[in-house]
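Here are my notes for your comparison with the structure shown next. They are set out as numbered points, each on one topic.

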Amino acid sequence: MNPDIILPPQVAWASGAFANGPLIRKATRVGDLTGVFSDTLAWQQRDPNDVVYHVEMLDSTADAGALYVGVTHLNAGKIGDEFYMTRGHFHKQREQGEVYFGLSGEGLLLLQTEQGEARLERVAPGSVHIIPPFTAHRLINTGTETLSSLAVWPTVAGHDYAALAGGFALRVFASDSGWEVRHG
Ligand SMILES: O=P(O)(O)OC[C@H]1O[C@](O)(CO)[C@@H](O)[C@@H]1O
């Protein structure tokens, strides 16, 4: 007798759309991102209901060793001259790492250590980003299409946003040549 074969969740690599999974979906809007963008006036003038990004993730257990798999869909856009980006965070359990995979669109992954040293990796379809322990991370969409990136991270990791209340050390703005990096 053949055993029943389980149909696992599926992800469409080109779009990041999930099928067959126990999905959680969360949208982050302009109004949720207080203090994140440098041009406060431009931020205040925007519709707070505009979605900047949404995350779809497969639900998982909170057990040690369990993993989340999720896709962040970061819309193309700017607040003032600064490109749309995720809020960004350290893991509450700082020793937990994460892996990002670029699926579609183009952008940057901003990584920052606890000592404030920041670096940028180019995100593009097929790119693989190993986020080490003790490293904050933020996605930035420098393109004209939605930037979609798949991530795998431990469910115990948690989010610490407070440690970055003063912002990251680098910001990315539109420029004549496409984009430019400035110190925060
Ligand atoms: O929590 P942030 O900084 O808004 O980032 C968006 C998402 O990116 C992830 O790191 C993985 O996609 C999630 O943990 C998080 O929900």
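1. Leaving aside its neighbours within four places in sequence, with which residues is Thr-155 in contact? Thr-155 is in contact with Ser-60, Thr-61, Ala-62, Ala-66, Leu-67 and Tyr-68, where contact means that the C-beta atoms of two residues, placed from the backbone, lie within 7 Å. Thr-155 and Thr-61 are 94 residues apart in sequence, but their C-alpha atoms are 7.1 Å apart in space. The place of Thr-155 is in the loop between E13 and strand E14 (170–175), helices (H or I, at least four residues) and strands (E, at least two) being DSSP runs numbered from the N terminus. Thr-155 counts as partly exposed because it has 16 C-beta neighbours inside 10 Å; a residue is buried if 20 or more other C-beta atoms lie within 10 Å of its own, exposed if 12 or fewer, and partly exposed in between, with C-beta atoms placed from the backbone.

2. A word on the basis of these notes. This is a predicted model, in which local features need pLDDT of at least 70 and side-chain atom pairs count only at pLDDT 80 or more, whereas totals for chains, interfaces and linings use all residues. Residues are numbered from 1 along each chain as its sequence is written.

3. The UniProt record, an unreviewed entry, places the feature "domain: Glucose-6-phosphate isomerase prokaryote" at residues 29–172; UniProt positions are given in the numbering used here, feature names are shortened, and annotations may be inferred rather than shown by experiment. In the model, residues 29–172 are 3% helix and 44% strand, and the end C-alpha atoms of this span lie 19 Å apart.

4. On strand pairing, two strands pair if DSSP finds at least two bridges between them. Strand E3 (residues 23–29) and strand E4 (residues 51–58) run antiparallel and are joined by seven bridges, with Val-55 in E4 as the bridge partner of Lys-26. E4 also pairs with E5 in the antiparallel sense, over six bridges, and here Glu-56 has Val-71 in E5 as its bridge partner. E5 in turn is joined to E13 by eight bridges, again with the two strands running antiparallel, and Thr-72 stands opposite Ser-149 in E13.

5. The ligand is surrounded by Thr-28, Val-55, Gly-70, Thr-72, Thr-86, Arg-87, Gly-88, His-89, Ala-151, Trp-153 and His-159, a residue being near a molecule or strand if its C-beta atom, placed from the backbone, lies within 6 Å of it. Strand E5 (67–74) and strand E13 (147–154) each supply at least two residues of this shell. By residue class, the shell divides into three nonpolar, seven polar and one charged; Ala, Val, Leu, Ile, Met, Phe, Trp, Tyr, Cys and Pro count as nonpolar, Asp, Glu, Lys and Arg as charged, and the others, Gly among them, as polar.

6. The largest nonpolar core has 18 residues, of which Leu-108, Leu-109, Leu-110, Leu-139 and Ile-140 touch the most other members. The elements that give two or more residues to this core are E4, strand E9 (107–113) and E12, and E9 gives the most, with four residues. A nonpolar core is here a set of buried Ala, Val, Leu, Ile, Met, Phe, Trp, Tyr and Cys residues joined through C-beta atoms within 7 Å. Not counting residues up to four places away in sequence, Leu-109 touches Tyr-100, Leu-120, Glu-121, Val-123, His-129, His-137 and Leu-139. In soluble globular proteins, nonpolar side chains tend to be buried together.

7. Two residues of the loop between E3 and helix H1 (40–44) may be read together. Leu-33 is found in this loop and is partly exposed, because 19 other C-beta atoms lie within 10 Å; beyond its neighbours within four places in sequence, Leu-33 is in contact with Thr-28, Val-52 and Arg-87. Gly-31, also in the loop between E3 and H1, counts as partly exposed with 14 C-beta neighbours inside 10 Å, and touches Pro-48 and Asn-49 when residues up to four places away in sequence are not counted.

8. Backbone angles deserve a check at two places. Asn-20, in the loop between strand E2 (18–19) and E3, has a positive phi near 70 degrees although it is a residue other than glycine, and Asn-20 counts as exposed because it has 12 C-beta neighbours inside 10 Å. Phe-134, in the loop between strand E11 (128–131) and strand E12 (135–141), likewise has a positive phi, near 60 degrees, and counts as partly exposed with 14 C-beta neighbours inside 10 Å.
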